[in-house]
Amino acid sequence: MPQVIIDDQTYEFEGQHKLLQFIQDLGKEVPFFCYHPSMTAPANCRQCMVKVGQFVKDRESGEYELDDDGEKVIRWFPKLQTSCNIDVSDDMIVHTQETDELVRRAQKDNLELILINHPLDCPICDQAGECPLQIQTYKYGPEGSRFEVKKVHKPKRVVLGPRVILDAERCINCTRCTRFTEEISKTHQLTITSRGDKNYPTTAPGREFNDPYSLNTVDICPVGALTSADFRFRARVWEMNQTPSIDITNGKGCNVDLWTRDNLVLRITPRYNGNVNDHWMPDEGREAYKIFNENRISRPLQKLDGEQILSSWNNAIATFNEQVESRDKKEILFIGSPHASVEENYSLQQFANLMGINDVVFTTHTESGKGDGFLLTDDLAPNTNGCRLLDLKELDQKELKNRIKKATLIVLANDQFIDRELFSDSDVDGKYLISFATNLSETTKSSDLVIPITTAAEHAASYVNVDGRIQRTIPAKETKYSNRSLNLEMSVGRLDRYGTNFDNWVSEDNKIDCIPLWNFITEVANASGLELNFEDGRSIISEISAKRKAFENVSYDRMDAEAGIQLSLNNTTEKSKVK
Amino acid sequence: MEKQINKIMAYEFTKEDLKEIEKIKSHYPEVKPATLPVLWIAQNRFGHVDPDVQRLVAETLELPEAHVHGVASFYTQYYKEKKGKYVLDVCTCLSCQLCGGYDMLHYLEEKLGIKEGETSDDGMFTLNQVECLGACGYAPMLQITNDKYVNNLTSEKLDNLVDSLKKGEEPGYEKMEMPLRKNN
Amino acid sequence: MSTVDWKKYEPVLIPDIKDLHKIDVYEKNGGYQALKSILTDKKKWADPKSVVNEVKDANIRGRGGAGFNAGLKWSFMPPADGGPRYLACNGDESEPGTFKDRKIFEFNPHLFIEGALIAAYAMEITTIYVYIRGEYLTYIKMMEKAIQDAYDKGYIGKNIVDSSFSVDFYVHSGAGAYICGEETSMLESLEGKRGYPRVKPPFPAQKGLWGRPTTINNIETLSHVPAVINRGSAWFKNIGSPTHPGPILYGISGHVNKPGVYELPSGIPVLDLINEVAGGIRNGKKLKAVIPGGSSTPILRADQLEGITMDADSLRTVGSMLGTAGMVVMDEDTDMIDVLWRIAHFYHHESCGQCTPCREGTGWLEKILLKIKNGEGEVRDLDLLLDVTTQMEGRTICALADAAAWPVRFTINRFRDEFEARCKKSVHAIA
């Protein structure tokens, strides 16, 4: 097997690798800025310098040349090389900054040169705390500045587009952003303008940077040159907790991280998943954080004499049971939702089955033409395939309206039908509409009983994306009934560990009075003497996995270890072609 | 929504320009290399390549606007805005510096009443200081609007030059001999 | 070996013939004979490789500044695979002190065209591009006319001289960027992009224009080729210095009486070039310093020039380079700090900005030198300058950072007293 010696340690390898990526995969570190595993390597930051040499082999005999001491002769490359674009080859010897003084000096010099024109913006820069320039300067950089002349000035606070703000002085010209618009999102909206040390990235004059994936450049920018217009100055990185989750705004199921502080989701950033979204996510998915924070329903709502008033959980449970028991099962319609998770739909389905109703229905939420073949899909719901795999009956709009006409009691899991104009307020006149919902909407306004349930940010549940991959969320936000310290899956930060209810950085109001849909179903079932116990997402998915062939061998542990599980969609009945 | 410039495109290529552009495109296996020659055609036609002209070039060649802007801003000979009728590029690099290039620059600054980089109020002259123009043996010298070189400058020569330019008479090509040749 | 008797030298590159730029005059004086010979005389020139070998044997060292054996560079081209192959002729000539290629464009363009065509035949090239700097508008027009004349007479195009060799020849104009004289930056500019040099490897011979094999040569280098074909590599090697043979177009400028371009053999003693060819220092002043071959080459003090000749090896012994042979002469009244600051300003202005050490380093060097020029520098600034040059050199994608670092380092080292005298006296015991 070909061998390479890095820092006096021998490693075997096969296939083609770039040296920098190879070193990183081993868990070692070489500083860099412009390299990104998903894009071409331009080698222009010159930070990832290493010393490279090759054992000398006699071309005819294939023997290694030996020097006077019997050691293999090494032919060093005359200059230091950038490791990001060198291929690892057999008989290569590499010295990184750990074992070579010149390499250390080169990396330090390079950081010094980057910093000479870099503005002293750290106190007001969003990137502080997650800034590779800060981190690498601290580890490999010079201790002070020898620059005593005037720095170059460039435009600051430039509104590059509706979502991105540019600070040209901070830019180190790594060209990650321009390469992103050329190679990944292919909109070619960014270019470097001017020459020499007056250059900075910009759009064509008079044009906006309105690329639907523009905020990804903010993620990959190694300094605070490109910042999110929405998130600017909102919070410091070290105050927030970072929790892995799934994008629920469309069917692609991009892997994301939710950043929370004091139980408010402050921003959403993409998480790497080689099988789904690589390092990227669409800008629309990032705006979903508002769904988690604003306009929430806290405590059940009931309509009395046409007016919606706050009710209590006991009332809600009692009313629910009353309504269900008072009607003939032919008059009850249970509607599942592709916006709700697999576990939520399953628990609703099980309850309906216990009532003797065997067809729980649902309808898709698609917008034709929205999909772009990359990370935007026509399907605007995260779990359409999950509903199909659970054998919920798929209806289109006409069929749904018919069923609603025939029913007198409608139980609707998390969907906004009236807002989507699938049916109107008058269609449900005279019928009893129970909605499980997370946010206030026209649908909830028309409902007779509204039960607040948890969003994807507050529960651990799974969603199956348009390609049939099942992935799960992890709770990031506490509800009134969940506790971060007790739930081992939830992230705990400094503020959480040391904050009490009497500290001014903990607001009780941010915790919503809601419970997961399956818990409510359990309460309702037990209140009427039925045997149904759904405790949490993990146990429900094990039950589904044991009972349903489509979900064979599925578990949260496996989903976490394999970054999602690919399920087979062959046995589902697809009514509409969903991309 | 795209923020469009609320100006009707004031620039159009003439038919001859478009024919020339087609000929240029045939020199290369793809369309991107035509960016530089077509920017030259645009500058010769309109006098500069400001953002609207860049947009015209991008549209004509069907290339991204940002690409054309990047190219136009990289090269110094493309004027990013309207310049004076005559752009005087005075070389002050190395040999020209040694032979008095800066003196010639300052003389012109005083004579025209503008600093380097500025255009005179009557729109006749723009004065620039530039890097080596490849006429080091004939220093100091200047170039008129990316075209003719005026070599071996003295204050008298500059006086005569400015006077003739004001009358609209551009100097012709000045053939600089190789000293050892007799049959030039 | 010749004794470099330059006084008896007969010009070959730019012969003393009137109207040589006209194609009839050129043909009448033996023009295009070399091309015809390699295409038709199959006994002497059996195949393209024979041409490459002859040129390699002649040791035409690149006249663009790097001095690499042109024929050897030609042999790096991979075997033809049926796809397009390119020859890019570098006429970007923006190095301060260099003004020689324009003479070829003006007085003997067909010599260059013939040389390029011979090179294209030798390397089985399909298209030739000549990249001329944008400021040379007059010469661009002259070249376009010369190429059109050659097309009309059948020397360029399909089936040249009724052989199976076909090639196209196009002029591409630059637009004001010194960096585009760097070979890979020129390729990027030819491809219609910003002139950012490419990382090497892969080398242009493997992956050049549009990913195809490409060779880049300087105008003057290619202009030597017809004479080598006509008169043989042995004749060529006999001209001038043995390790750096052939005629050179010397460009002499600065404080001399007769500045201009002179075609003379290589290996002329530097002092002869200044005092006899260029007529000596003007106004009877004494010589102070010489930059031998364009601003990137390290400066030499007058006392270092004894016995040094104008070829790569001799100049290397005193710590300089031949470069483009564009010599700049400075007399005793020259302010070295002024000159050095202006050179640093040039590189700062012309840096493309792609990689960190050059982009930031050139700016830093200029700003410190400005401080010293204005009398506000301190002696430790000189050491800082030397340190920054070490930080820049050898760490970048192209050689502009080296070219910017060398003048600073060598001028300060060789004129240290003058620089220190300009610095403020430090309050501290250790400056």
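Reply: Chain B and chain C together bury about 4900 Å², and carbon and sulfur atoms carry 57% of that area. The model is a predicted one, and this applies to every value given here. The contact draws 53 residues from chain B and 72 residues from chain C.

The polar side of this interface may be taken next. Between chain B and chain C there are 31 residue pairs in polar contact, both residues being at pLDDT 80 or more. The interface of chain B and chain C has 1 salt bridge. A salt bridge joins the side chains of Arg342(C) and Glu131(B), with an N to O distance of 3.0 Å.

On the side of chain B that touches chain C, the elements giving two or more residues are helix H2 (35–46), helix H4 (65–74), helix H5 (95–98) and strand S2 (125–130) of chain B. Of these, H4(B) gives the most, with 5 residues. By class, this side of chain B divides into 27 nonpolar, 18 polar and 8 charged residues.

Chain C also meets chain A. Here 30 residues of chain C are in contact with 37 residues of chain A. The two chains bury about 2800 Å² between them, of which 47% lies on carbon and sulfur atoms. Within the area that chain C buries against chain A, Trp364(C), Gln391(C) and Arg395(C) supply 23%, more than any other three residues.

Chain C and chain A have 6 salt bridges between them. A salt bridge is formed by the side chains of Lys371(C) and Glu148(A), at 3.6 Å from N to O. The polar contacts between chain C and chain A amount to 21 residue pairs, with both residues at pLDDT 80 or more.

Three helices of chain C, helix H13 (336–350), helix H14 (356–373) and helix H15 (379–392), each supply at least two residues of the side that touches chain A. The largest share of that side, 9 residues, comes from H14(C). Sorted by class, the side of chain C that touches chain A has 9 nonpolar, 12 polar and 9 charged residues.

To set the two interfaces side by side: chain B and chain C bury about 4900 Å² with 1 salt bridge, while chain C and chain A bury about 2800 Å² with 6 salt bridges.

Key: Residues numbered from 1 in each chain as written. Chains lettered and ligands numbered in written order. Predicted model: local features only at pLDDT ≥ 70, side-chain atom pairs only at ≥ 80, totals over all residues. Heavy atoms only, no water. Contact = heavy atoms within 4.5 Å. Buried area = accessible area lost by both parts, 1.4 Å probe. Salt bridge = Lys/Arg side-chain N within 4 Å of Asp/Glu carboxyl O. Polar contact = N/O pair within 3.5 Å; in protein donor to acceptor, adjacent residues only side chain to side chain. Helix = DSSP H or I, 4+ residues; strand = E, 2+ residues; numbered from the N terminus. Nonpolar A, V, L, I, M, F, W, Y, C, P; charged D, E, K, R; others polar.
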